Each structure stands twice: as C-alpha cells, then as structure tokens.
Amino acid sequence: MTGLMLVVALIFAWETRGVQLEALNDSKTIGVCVYNTTVMGLIGVALLFVLPDSGQNLRVILLAACIILCATTTLLLVFGSKVYLLAKFGPAVVERMAAAQGSVGLAMASRP
C-alpha cells in the first residue's frame with residue numbers, strides 16, 4: 001500500500017512539474033521526499049533481516065529512528081522552504097501566495 005502511495009505521489013509530481021508559480025511548484029521537492037522515503041524504507045527492511053531476533057530492543061530503536069528521520073526530513077523539505085520564505089520576506093509573501101492560489105483556483109474553476 002505504501003508503494004502505491006509513493007507511485008501516486010510521483011504521478012502528481014510529474015503532472016504538476018510545469019506549474020509556473022514557484023509557490024505552487026513542489027514537484028522537485030515531492031520527488032526528493034519520495035526518494036527519501038524509499039531509501040529509508042529499504043534501510044529499515046534491511047535492518048529487520050540483518051539484525052538477530054535476540055536483539056528486539058535494538059531492532060525497535062533502529063526502526064523507530066528510521067521512521068522518525070524519514071518523517072522529519074519529509075516535513076522539513078515540504079514545509080521548511082515556506083517557513084523560510086515567511087521568515088525572510090514576512091507576511092507579504094504569504095499574501096502574494098494566497099493571491100496566486102486564488103487566481104489559479106479561479107482560472108481552473110472557469111474552465112469548461
């Protein structure tokens with residue numbers, strides 16, 4: 001199921017790669033997040049098979065670390081750039097993004 005979700009994310013990233021508004025174009029970031037999730041998942045699966053069954057505590061700790069690292073990295077990649085823009089340029093950039101999203105939404109709604 002997780003693999004299917006990653007494929008759907010890649011399809012959405014591919015379809016939105018040509019969006020002209022930089023605030024809405026996250027296709028490269030989504031691609032990096034899918035790559036990160038895949039690599040960390042493979043590392044977690046490899047750890048399950050490599051570590052002995054007697055070290056259950058170590059297995060749980062390392063798998064939890066993989067999951068936490070993967071989730072934190074994904075959140076920082078997706079939302080970190082927006083928080084950085086907000087901190088650097090202030091609320092004005094948020095208003096421009098909202099106006100751009102509103103104009104895109106209106107343009108999409110007016111299409112037949």
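Trainee: At what angle do helix 2 and helix 3 pack, and how far apart are their axes?
Mentor: Helix 2 and helix 3, the latter covering residues 56–89, pack at about 180° with their axes 10 Å apart. Axes here are lines fitted to C-alpha atoms, for helices over the stretch in contact, and angles run from 0 to 180 degrees between N-to-C directions. Helix 2 and helix 3 are therefore roughly antiparallel, a label used for angles over 145 degrees.

Trainee: Before I go on, what sort of model is this, and how is it numbered?
Mentor: It is a predicted model, in which local features need pLDDT of at least 70 and side-chain atom pairs count only at pLDDT 80 or more, while totals for chains, interfaces and linings use all residues. Residues are numbered from 1 along each chain as its sequence is written, and side-chain values use heavy atoms, with hydrogens and water left out.

Trainee: How many helices and strands are there overall?
Mentor: The protein has four helices and zero strands, so the order from the N terminus reads α-α-α-α, where helices (H or I, at least four residues) and strands (E, at least two) are DSSP runs numbered from the N terminus.

Trainee: Which residues of helix 2 and helix 3 meet?
Mentor: On the helix 2 side they include Thr29, Cys33, Met40 and Leu48, and on the helix 3 side they include Arg59, Cys66, Leu69 and Val78, with contact meaning heavy atoms within 4.5 Å. The residues of this contact divide into 13 nonpolar, six polar and one charged. In that count Ala, Val, Leu, Ile, Met, Phe, Trp, Tyr, Cys and Pro are nonpolar, Asp, Glu, Lys and Arg are charged, and the others, Gly among them, are polar.

Trainee: Is Arg59 buried or exposed?
Mentor: Arg59, which sits in helix 3, counts as buried at 13% relative accessibility; buried means under 20% relative accessible area, exposed over 50%, and partly exposed in between (1.4 Å probe, protein chains only). Leaving aside neighbours within four places in sequence, Arg59 touches Leu48, Leu51, Pro52 and Asp53.

Trainee: And what about Val78, which residues is it in contact with?
Mentor: With neighbours within four places in sequence left aside, Val78 is in contact with Thr29 and Cys33.

Trainee: Where does Ser27 lie?
Mentor: Ser27 belongs to helix 2, which covers residues 27–50, and Ser27 is buried, with a relative accessible area of 12%. Setting aside neighbours within four places in sequence, Ser27 is in contact with Ala13, Thr16 and Arg17.

Trainee: Changing topic, which residues does UniProt list as "transmembrane region"?
Mentor: The unreviewed UniProt entry lists residues 34–51 and 58–79; positions follow the numbering used here, feature names are shortened, and annotations may be inferred rather than shown by experiment. In the model, residues 34–51 are 94% helix and 0% strand, with end C-alpha atoms 26 Å apart, whereas residues 58–79 are 100% helix and 0% strand, with end C-alpha atoms 31 Å apart.

Trainee: Which residues carry the "signal peptide" label there?
Mentor: That unreviewed entry gives residues 1–18, and in the model this span is 78% helix and 0% strand, its end C-alpha atoms lying 28 Å apart.

Trainee: Last one: what share of the protein is buried?
Mentor: Buried residues make up 15% of the 112 residues in the protein.

Note on methods:
Parallel < 35°, antiparallel > 145°, perpendicular 65-115°, else oblique.
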